[in-house]
Amino acid sequence: MDKLARLGVLTGGGDCPGLNAVIRAVAKSAMNDYDTTILGIEDGFEGFVQGRMHELKNADVSGIINLGGTLLGTSNRGDPWHFPVTGAGGQVEIQDLSDRVVDHYRRWQLDALIAIGGDGTLNISAKLSARGLNIVAVPKTIDNDLMATDQTFGHDTAVSIATEAIDRLHTTASAHHRVMVIEVMGRYAGWIALSAGLAGGADIILIPEIPFQWEAVYRKVRERSQHGKRFSIVCVAEGARCPEVGEIVKSYDVQRTDARQLGGVADFVAKKITEATELETRVTVLGHLQRGGAPTPFDRILATKFGALAARLAATRQFGMMTALHGTRVVPVPIQDAIAQLKLVPPDDPMIAAARSVGTSFGNECVSRPG
Ligand code: F6P
């Protein structure tokens, strides 16, 4: 008989649609199948270091499958090995407080911890596993940039929101004969831009994985104008690398797990297009709208499958593992496999070939095709 008396659960890193659906699935299946007490750790590893948690009852996790955000709170400043501590004079010092996590884990008498998060949370989870903590991870990120799983929950929702935004930009772009540049999230990976750009029929898609040249971008926009299509939609990933300047970093914050905050590339691209073509441009930065609100049915289903599997892995003592989607099946994989490297868009991704064949430019063609 599998046993799981006390189970901790936390959400770390940026929020993502579907987190509440995972918490619900973990808690309900552990309560139903193993009579487990669930401890919800507040604000990710930040709360773990600081010893903040409360028990989750069935009523706490009911009626939340459709809610965005996370009922536990989250933080991307909670790396226990790189923890910001504010001194009496207001200065911030980075300290290693990983011992506190181990202490709290023992004091709360946890049998296991379910850590739901992206690459930052997975890296911390792998290090804590090596310190002897029983951890099962659930991958989340709208960016879909984690190896070892075909897809992360949250990505489908972000792509849906970005696609709807492109649809809406199309009508106003064509009415005013403008070039609309839309910046979407994704960090160092172009999955959101590629998927939403393809689904929304963008004329140009710029992603970090495909180096682009300004001339190819200008040519595509000009050719569309010459063919009577007096508007264009450019979908640019926030991590796209502009010729000469590379990726555009909005700010640095050493307290964050990833100190670099990307942003601003759409403004840069729009300015260059206006200067070169004299066409009118407008910029839309979709930002956190891509992460807010209700998850899509796909993300709710994936999140529920991940949560139920995670509880089962914890009860059967399969620690150091992460839930993953392989085809249509959810399976356990070692956490290490997911963090070995980022999953970037490969040059031979079928979405790239399909987009090119309908005339979409990636800013690297010698001759553009009508689209
Ligand atoms: O990783 C998810 C993500 O939304 C990225 O796409 C984006 O670069 C980053 O988080 C934004 O982080 P924050 O919410 O801290 O500004």
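These legends go with a set of close-up views of a predicted model.

View 1. Read across, the strands come in the order 3-2-1-6-7-14-15, and their pairing is mixed. Strand 3 (53–56) and strand 15 (329–334) are the edge strands, each pairing on one side only. Going from one strand to the next, the twist averages 30°.

**View 2. Strand 2 and its two partners.** Here we zoom in on strand 2, residues 37–41. On one hand there's strand 3, which pairs with strand 2 in the antiparallel sense over four bridges; look for Gly40, whose bridge partner in strand 3 is His54. On the other hand there's strand 1, which pairs with strand 2 in the parallel sense, also over four bridges. In that pairing Arg6 stands opposite Thr37 of strand 2. Four of the five residues of strand 2 are buried, so this strand is largely enclosed by the rest of the structure.

View 3. Helix 9 covers residues 297–315 and lies across strand 1 (6–11), strand 6 (112–117), strand 7 (135–139), strand 14 (321–326) and strand 15. To get your bearings, take strand 14 as the reference: helix 9 runs at about 140° to strand 14.

View 4. For a detail of the strand pairing, pick out strand 9 and strand 10 (residues 232–237), which pair in the parallel sense over three bridges. Within that pair, Leu206 has Val236 of strand 10 as its bridge partner.

**View 5. Asp15 and Arg291, a salt bridge between two loops.** The count for the model comes to 19 salt bridges, and this view picks out the one that Asp15 forms with Arg291, where the closest N and O atoms are 2.9 Å apart. Asp15 sits in the loop between strand 1 and helix 1 (19–34), while Arg291 sits in the loop between strand 13 and helix 9, so the pair ties together parts that are 276 residues apart in sequence. Is Asp15 buried, partly exposed or exposed? With a relative accessible area of 22%, Asp15 is partly exposed.

**View 6. A salt-bridge network that includes Arg187.** Asp119, Asp143, Asp145, Arg187 and Asp258 are linked in a network of salt bridges. Let's take two of the links in turn. In the salt bridge between Asp119 and Arg187, the closest N and O atoms are 3.1 Å apart. That pair links distant parts of the chain, with Asp119 in helix 4 (residues 119–130) and Arg187 in the loop between strand 8 and helix 6, 68 residues apart. The side chains of Asp145 and Arg187 also meet in a salt bridge, at 3.2 Å from N to O. Asp145 is in the loop between strand 7 and helix 5 (155–176), and Arg187 is in the loop between strand 8 and helix 6, so this pair ties together parts that are 42 residues apart in sequence. As for cover, Asp145 counts as buried at 2% relative accessibility, and Arg187 counts as buried at 18%. Asp119 is partly exposed, at 23%.

**View 7. A nonpolar patch on the surface.** Val92, Ile94 and Val254 make up this patch, and together they have about 230 Å² of accessible area. Val254 is in the loop between strand 11 (249–252) and strand 12 (260–262). With 56% relative accessibility, Val254 counts as exposed.

View 8. Most residues other than glycine have a negative phi. Gln109 isn't a glycine, yet has a positive phi of about 55°; look for Gln109 in the loop between helix 3 (98–107) and strand 6. Phi of His177, another residue other than glycine, is positive too, near 55°. His177 lies in the loop between helix 5 and strand 8. Gln109 counts as exposed at 55% relative accessibility, whereas His177 counts as partly exposed at 34%.

Terms used: Residues are numbered from 1 along each chain as its sequence is written. This is a predicted model: local features need pLDDT of at least 70, side-chain atom pairs count only at pLDDT 80 or more; totals for chains, interfaces and linings use all residues. Side-chain values use heavy atoms; hydrogens and water are left out. Two strands pair if DSSP finds at least two bridges between them. Axes are lines fitted to C-alpha atoms, for helices over the stretch in contact, and angles run from 0 to 180 degrees between N-to-C directions. Contact means heavy atoms within 4.5 Å. Patches are made of residues with over 30% relative accessible area and no salt bridge: like charges are joined within 9 Å, nonpolar side chains (Val, Leu, Ile, Met, Phe, Trp, Tyr) within 5 Å. Accessible areas come from the Shrake-Rupley method with a 1.4 Å probe; for residues, only the protein chains shown count as cover. A salt bridge is a side-chain nitrogen of Lys or Arg within 4 Å of a carboxyl oxygen of Asp or Glu. Buried means under 20% relative accessible area, exposed over 50%, partly exposed in between (1.4 Å probe, protein chains only).
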